[in-house]
Amino acid sequence: MREVKELLVGAILAAERHIYVETQYLTSEAIADALVTRLSDAARPRLDLVLVLPHKPDAFKEELAVG
């Protein structure tokens with residue numbers, strides 16, 4: 001799991017123009033921090049970011065687990 005996180009963070013930080021994320025859950029603080037870091041980097045080209053996420057959890061159990 002750690003390797004996947006490191007690969008994703010590296011890909012986000014290396015992105016040059018676009019990032020497209022489609023996921024059921026976006027709960028990783030490391031991924032959120034990498035997105036903020038890359039979006040805030042004024043020395044690099046502007047980044048277009050598209051996040052496709054559900055509006056809210058589908059079930060009560062999901063609401064408790066991931067909020």
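Author: Let's start with Arg46, which counts as exposed at 68% relative accessibility. Bear in mind that this is a predicted model.

Reader: Okay, so which residue forms a salt bridge with Arg46?

Author: To read one, look for a side-chain nitrogen of Lys or Arg within 4 Å of a carboxyl oxygen of Asp or Glu. Here the partner is Asp48, with the closest N and O atoms 3.4 Å apart. Asp48 is partly exposed, at 32% relative accessible area.

Reader: How many salt bridges does a search of the whole structure find?

Author: Two. The other pairs Glu6 with Arg2, whose closest N and O atoms are 3.3 Å apart. These two sit four residues apart in helix 1, which means about one helical turn separates them. Arg2 is exposed at 63%, while Glu6 is partly exposed at 47%.

Reader: On to helix 2. Which residues are buried there?

Author: The general idea comes first: an α-helix has 3.6 residues a turn, so residues three or four places apart point the same way. In helix 2, the buried ones are Ile31, Ala34, Leu35 and Arg38. They span an arc of only 100° around the axis, so they lie on the same side of helix 2.

Reader: And what covers the buried residues of helix 2?

Author: The cover includes helix 1 (2–14), strand 1 (18–22) and strand 2 (48–52). On the face turned away from the buried side you'll find the exposed Glu29, Val36 and Ser40.

Reader: Which residue caps the N-terminal end of helix 2?

Author: That's Ser28: one of its side-chain oxygens lies 3.4 Å from the backbone nitrogen of Ala30.

Notes: Residues are numbered from 1 along each chain as its sequence is written. This is a predicted model: local features need pLDDT of at least 70, side-chain atom pairs count only at pLDDT 80 or more; totals for chains, interfaces and linings use all residues. Side-chain values use heavy atoms; hydrogens and water are left out. Buried means under 20% relative accessible area, exposed over 50%, partly exposed in between (1.4 Å probe, protein chains only). The arc is that of the directions from the helix axis to the C-beta atoms. Contact means heavy atoms within 4.5 Å. A polar contact is a pair of N or O atoms within 3.5 Å; within protein, one must be able to donate a hydrogen and the other to accept it, and residues adjacent in sequence count only if both atoms are side-chain atoms.
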